[in-house]
Amino acid sequence: MKLKIAYQGVAGAYSNIAAKNVYPDSVYVSCDTFEEAMDKVQNGEVDFAVIPIENSTAGRVTDVHFLLPETGLSIVGEYLLPVHHQLLALKGTKPEDIKTAMSHPQALAQCSEFLKAHGIRAEARIDTAKSCEFVLEYNDKSRAAIASVLAGEIYGLDVVAPNIENNADNTTRFLIMAKNQIIPEYDGGDFITSFIFKAKNIPAALYKALGGFATNGINLVKLESYLEKGKFVSAQFYVEVEAHPAQKGLQNAMDELHFFAESVHVLGTYCRFRR
């Protein structure tokens, strides 16, 4: 039986491309939102969800960070996808015809320099590939979409300008989400453990909570804060460390973290992706 993989967007979206690369020859389930994709995993409708977490040019995909602690899902892997954006338009469109480019806000941010240089107005849409549908609906050569080569092929649009991203090494990082934890066996390789915690409301709690990682030689590769819903004085922290639970150093560091944290939620341990 083929695996079922959920992603946000429609066919041709970068999440769809990532899902196909990670899980070839599977059934790919299109979802309108990240929350819907994660819900399908939680409900057992699909096996995994492939979710973008951050981009090397435009930064983190903020709403995903808010969803992570609420889904009850586990991170079981990561994938890095080189992202090359195409300016797509109706057949026969010339570059000088285009006045507006539609795409996901992340894609627009990743192509901001090109848009500014050519006087093209950015117009946010829910998805990159979905923007191609709007180009067809408007049937207006002044409107273009920013999306993948695959999306252009699916919707029959011309590539008016190729690879218009600000940075040639533009890359999006995806997390692979599952209903249950799948912790790989420790073999001395490179692993990442991700968790969310809320520090106690006492002086120097954050400093002390993280101090155990330094004293135990555990490298923090990511530390991000975000406010709890409806609160402006209570922050949670999303953390990624280069370590596996089988390592004594991580065990000691987590024990110290628990002492100074109000809550700790481990999201998963997974092999570090290497290109």
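In the predicted model described here, five strands form an open sheet with mixed pairing, in the order β8-β7-β9-β6-β10, where strands are DSSP runs of E of at least two residues and helices are runs of H or I of at least four residues, both numbered from the N terminus, and where two strands pair if DSSP finds at least two bridges between them. Local features were taken only at pLDDT of at least 70 and side-chain atom pairs only at pLDDT 80 or more, whereas totals for chains, interfaces and linings use all residues of this predicted model. Residues are numbered from 1 along each chain as its sequence is written, and side-chain values use heavy atoms, with hydrogens and water left out.

Two arginines lie over ring faces, Arg125 over Phe134 at 4.7 Å from the ring centre and Arg143 over Tyr138 at 4.1 Å; a charge sits over a ring if NZ of Lys or CZ of Arg is within 6 Å of the ring centre and within 35 degrees of the ring normal.

A second open sheet has 4 strands in the order β13-β14-β12-β15 and is antiparallel in its pairing. Its edge strands are β13 (220–227) and β15 (261–271), each pairing on one side only, and the twist from one strand to the next averages 15°. Strands β13 and β14 (residues 235–241) are joined in the antiparallel sense over 7 bridges, with Ser225 standing opposite Phe237 in β14. Helix α8 lies across β12, β13 and β14 and runs at about 160° to β12, while helix α9 (residues 248–260) lies across β12, β14 and β15 at about 155° to β15.

Elsewhere, strand β5 (residues 74–82) is mostly covered, with 7 of its 9 residues buried, that is, under 20% relative accessible area, as against over 50% for exposed and in between for partly exposed (1.4 Å probe, protein chains only). This strand pairs with β11 (residues 171–178) in the antiparallel sense over 8 bridges, and the bridge partner of Leu80 in β11 is Arg173.

The structure holds 7 aromatic pairs, in which rings of Phe, Tyr and Trp (its six-membered ring) have centres within 6.5 Å, with planes under 30 degrees apart counted as stacked, over 60 as edge-to-face and the rest as tilted. One of these pairs, Tyr23 and Phe48, is stacked at 5.0 Å centre to centre with 10° between the planes. Because Tyr23 lies in the loop between α1 (14–22) and β2 (27–31) and Phe48 in strand β3 (residues 48–55), the pair ties together parts that are 25 residues apart in sequence. Both Tyr23 and Phe48 are buried. The pair of Phe195 and Phe213 is also stacked, because the ring centres are 5.8 Å apart and the planes are at 15°. Phe195 in β12 (residues 191–199) and Phe213 in α8 (residues 205–215) are 18 residues apart, and both are buried.

Key
Axes are lines fitted to C-alpha atoms, for helices over the stretch in contact, and angles run from 0 to 180 degrees between N-to-C directions. Contact means heavy atoms within 4.5 Å.
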